[in-house]
Amino acid sequence: MPRRVSVERLRLDKWLWAARFYKTRSLAQQAIAAGHVRLAGDRVKAAQEVKPRDEILLRKGDVQWEVVVVALSERRGPADEAQKLYEETAASRAERERRMDLRRWGAEPARALKGRPTKRDRRLLENLPVADAHSPEDDEA
């Protein structure tokens, strides 16, 4: 169970770090500054304080999370403790799972690439003219 903080508010970057959305507080601060994290739909600064029942929207790559703060913790604990600090909305979870399925069942990116050249391709490549660095014409002049 996460250690609950006696204070009712905590810095946003510290909470994101404790909830394991970002590996370091510095990465959390960079994401907040870049506008990837919104509190109640508004852009905020890293020092903005969060409290339970606040809604946070965050983007990491093409994945978007919409979570509600359930608890505060000053320390970064194990993943199962971190998941108890927030509750993801049903709509966010459904959209995230839909995007994961699309990515999983999408086309293989390397399918369009050909493998080894065929015998015909190799012969065509061998017949291409090649400019030699040292040509026999240079010796005659």
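The largest pocket in this predicted model has a volume of about 160 Å³. A pocket is an open set of points on a 1 Å grid over the protein atoms alone, where a 1.4 Å probe fits, with protein on both sides within 12 Å along at least five of seven lines; lining residues have an atom within 4 Å of a point. The volume is the space filled by probe spheres set on the points.

β5, β6 (63-69) and α4 (90-105) each supply at least two lining residues. The largest share, 5 residues, comes from α4. Helices (H or I, at least four residues) and strands (E, at least two) are DSSP runs. The lining divides as follows.

| Class in the lining | Residues |
|---|---|
| Nonpolar | 2 residues |
| Polar | 2 residues |

Asp, Glu, Lys and Arg count as charged. Among the lining residues are Asp 62, Glu 66 and Arg 99.

Now to Asp 54. Asp 54 lies in the loop between β4 (49-50) and β5 (55-60). Asp 54 is buried, with a relative accessible area of 12%; buried means under 20%, with a 1.4 Å probe and protein chains only. A polar atom of the Asp 54 side chain lies 2.9 Å from the backbone nitrogen of Lys 51. Asp 54 also touches Leu 39, Glu 49, Val 67, Val 68 and Val 69, not counting residues up to four places away in sequence. Contact means heavy atoms within 4.5 Å.

Residues are numbered from 1 along each chain, and side-chain values use heavy atoms, without hydrogens and water. Local features need pLDDT of at least 70, side-chain atom pairs count only at pLDDT 80 or more, and totals for chains, interfaces and linings use all residues.

Definitions and conventions. Buried means under 20% relative accessible area, exposed over 50%, partly exposed in between (1.4 Å probe, protein chains only). A polar contact is a pair of N or O atoms within 3.5 Å; within protein, one must be able to donate a hydrogen and the other to accept it, and residues adjacent in sequence count only if both atoms are side-chain atoms.
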